Amino acid sequence: MAKIAFQGELGAYSHQACIEARPDFEPLPCATFEGALDAVHAGDADIAMIPVENSTYGRVADVHQLLPESGMQIHGEHFVRVHINLLGKPGVTLEDITRATSHTVLLGQCRTFLKQHNIARITGFDTAGSAKAVRDGDDPTLAALASPLAGEIYGLDVLAEHIEDNHSNTTRFLIMSPEPMPAPSDQKVLTSFVFRVRNLPAALYKAMGGFATNSVNMVKLESYMVDGSFTATQFYADIEGHPDDPAVARAMEELSFFTSYLKVLGVYPADPFREDAP
């Protein structure tokens, strides 16, 4: 069976993304994002599932800097609705719980519920790892905040479900492989790329002008520092359309006039979630 690498323990939201997006692939857990990508390069996995942004907390730290140097191409995207359950050892009740452990992001996302039930927050390494720790521990007053999938895998009871404060919280993942894949011609396509503008007055404004004049929709533009410099800024962008489309080709050509670095990370089908989401 082909394998798909992801960062985290079995039961992580990345694991859920693998099951939903590529159910015919065997999930391969890895300790780090770099480890998941390295597993593909080493031939231990065929593709990788990498989270890039969350609707509540923004981009995933370090991933945008990792992608350009990864030697990988984006094949597709997948969105996971983040449902959070309070999971306890078999036989315990909600009234028994005095502490909850999880990744700090999930602890913050369930602040209202935890406060209402007077449950203290304990920072764990990650979500599924916290569920595993509760299963392996002997403290019936400690619960985990994790996905429903983690509860199933580690045999924990659901003490409360869907307790997240933000009920539209969603994470976007990218599916990546060393080899590019032909983008389909019968559905909406996205192109992702990174670039650095030249040190010229209004260079970013001029670089973006080609997308406006050619009616190319830019759905994301983010900036971040590179090499620890306050003057070297790199931009990550997602646009609708294929580089071979005449309008996109003209916009990209104009962009190249004002950039010192430009790299396409992938051309891939847009997830239907973009049309269905409110």
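Modeller: The largest nonpolar core has 41 residues, of which M49, L86 and L145 touch the most other members. Strand β9 (residues 142–146) contributes the most to this core, with five residues. Apart from it lies another core, of 27 residues, which includes F33, V40, I50 and Y236. Please note that this is a predicted model, in which local features need pLDDT of at least 70 and side-chain atom pairs count only at pLDDT 80 or more, while totals for chains, interfaces and linings use all residues. Residues are numbered from 1 along each chain as its sequence is written, and side-chain values use heavy atoms, with hydrogens and water left out.

Biologist: What makes a set of residues a nonpolar core?

Modeller: The set must consist of buried Ala, Val, Leu, Ile, Met, Phe, Trp, Tyr and Cys residues joined through side-chain atoms within 4.5 Å. In soluble globular proteins, nonpolar side chains tend to be buried together.

Biologist: Why is V248 called buried?

Modeller: Buried means under 20% relative accessible area, exposed means over 50%, and partly exposed lies in between (1.4 Å probe, protein chains only). The relative accessibility of V248 is 3%, so V248 counts as buried. In the protein chain, buried residues make up 49% of the 278 residues.

Biologist: Which residues does V248 touch, not counting residues up to four places away in sequence?

Modeller: They are V216, I239, E240, G241, H242 and P243; a contact requires heavy atoms within 4.5 Å. V248 belongs to helix α9 (residues 246–257). Helices (H or I, at least four residues) and strands (E, at least two) are DSSP runs, numbered from the N terminus.

Biologist: How do you know that α8 is roughly antiparallel to α9?

Modeller: The axes of helix α8 (residues 203–213) and α9 come within 7 Å and cross at roughly 170°. Angles under 35 degrees count as roughly parallel, over 145 as roughly antiparallel, 65 to 115 as roughly perpendicular and the rest as oblique. The crossing angle therefore makes α8 roughly antiparallel to α9. Axes are lines fitted to C-alpha atoms, for helices over the stretch in contact, and angles run from 0 to 180 degrees between N-to-C directions.

Biologist: Which residues make this contact?

Modeller: From α8 they include K206, M208 and F211, and from α9 they include A251 and L255.
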